[in-house]
Amino acid sequence: MQIYLNGKFVPKEKAVISVFDHGLLYGDGVFEGIRAYNGRVFKLEEHLDRLYRSARAIVLDMKMSKNELQEVVLQTLRVNNLKDAYIRLIVTRGEGDLGLDPLKCPKPSVIIIADKIALYPETCYSKGLAISTVCTRRNSPQAMSPNIKSLNYLNNILAKIEAIQAKVSEAIMLNLEGYVAECTGDNVFYIRDGGLVTPPHAAGALDGITRRCVIEMAKAQGRRVEEKLFTPFDLFTADEVFLTGTAAEVVPVVCVDTRTIGDGRPGPITKELIQSFRDLTAREGVLI
Ligand code: PMP
């Protein structure tokens with residue numbers, strides 16, 4: 001496996017960075033998770049736009065144009081001969097001293113890892129997931145915007161630990177006011193009376209690329225889509241619940257906090273959206 005690291009391709013064993021890199025010392029950096037399907041990179045432009053927005057928000061000068069970065073993402077896939085892949089694009093603040101000061105880090109570290117995608121088992125899609133609300137609250141958007149996709153995932157990791165200990169697949173994270181924000185690595189939707197509802201960004205939800213695709217697809221199918229605040233009560237009493245994310249795609253949820261959702265099987269609208277999303281990933285994307 002060849003990793004792109006600061007302008008060069010190096011074998012995995014030699015892809016190492018300094019212990020003074022602020023990505024390691026402080027989680028100071030940004031990243032993207034991107035998928036390639038059958039020789040095309042899905043929504044590459046949107047992922048790069050989000051990465052550059054995250055970088056801008058933390059005053060990190062990428063020192064590389066979007067076009068240059070797009071080209072090295074594609075090259076990483078070519079060098080590794082990958083047509084279906086998960087791509088992790090990481091930009092850290094770079095090497096500095098032990099202090100917090102990011103101005104002492106003159107050059108960001110750019111890392112691109114492309115690997116075979118570890119797909120979720122098909123049973124997740126055919127039978128649906130069980131998930132639970134956890135005690136760990138989502139970072140307040142007033143303290144830290146959920147739209148900065150930063151390397152500091154400790155908030156989500158604490159929630160993930162609770163999900164693992166509760167033996168469920170994902171954790172629903174509430175914000176400080178008790179409204180549903182998102183899951184540890186996925187956005188959340190519920191369906192009632194044929195309409196979709198998902199939390200707004202102000203609730204603490206990342207501007208997910210898959211979330212956007214689903215909103216667009218549902219609207220194109222003539223469905224009502226609302227971004228509004230809601231509590232776990234709305235999930236318990238929903239007709240259908242599903243999660244969205246680059247790795248998970250669209251995945252049904254059939255159990256929330258031990259309560260059965262709908263009739264306990266993935267619902268018809270979720271199934272339709274899973275199919276529409278698969279069709280979209282099969283036909284759209286930047287050619288490798
Ligand atoms: N929320 C969080 C916290 C995430 O890490 C992710 C995955 N990147 C998502 C939502 C889903 O976003 P996307 O559809 O862009 O992968």
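**Ligand site and largest pocket**

The largest pocket has a volume of about 880 Å³. Its lining comprises 45 residues, and Phe 31, Lys 149, Tyr 153, Thr 184 and Gly 185 are the closest to the pocket centre. The ligand sits in this largest pocket. The model is predicted.

**Lining of the pocket**

- Two or more lining residues come from each of these elements: strand 3 (29-37), strand 5 (85-92), helix 5 (154-165), strand 9 (180-183), helix 6 and strand 13.
- By class, the lining of the largest pocket holds 18 nonpolar, 17 polar and 10 charged residues.

**Shell around the ligand**

- The ligand is surrounded by 16 residues, and the closest are Lys 149, Tyr 153, Glu 182, Thr 210 and Thr 246.
- The shell around the ligand divides into three nonpolar, nine polar and four charged residues.
- Helix 6 (209-220) and strand 13 (240-245) each contribute at least two residues to this shell; helix 6 and strand 13 also each give two or more residues to the pocket lining.

**Polar contacts and cover**

- Thr 246 has a polar side-chain atom 2.6 Å from an oxygen atom of the ligand.
- For Lys 149, a polar side-chain atom lies 2.7 Å from a nitrogen atom of the ligand.
- Arg 50 places a polar side-chain atom 2.8 Å from an oxygen atom of the ligand.
- On its own, the ligand has 390 Å² of accessible area, and the protein covers 94% of that area.

Technical notes:
Residues numbered from 1 in each chain as written. Predicted model: local features only at pLDDT ≥ 70, side-chain atom pairs only at ≥ 80, totals over all residues. Heavy atoms only, no water. Near = heavy atom within 4 Å. Polar contact = N/O pair within 3.5 Å; in protein donor to acceptor, adjacent residues only side chain to side chain. Areas by Shrake-Rupley, 256 points an atom, 1.4 Å probe, with all protein chains shown as cover. 1 Å grid on protein atoms, 1.4 Å probe; cavity = no way out; pocket = protein on both sides within 12 Å on 5 of 7 lines; lining within 4 Å. Sits in = over half its atoms within 2 Å of the grid points. Helix = DSSP H or I, 4+ residues; strand = E, 2+ residues; numbered from the N terminus. Nonpolar A, V, L, I, M, F, W, Y, C, P; charged D, E, K, R; others polar. Points joined across faces, edges and corners; volume = space filled by probe spheres on them.
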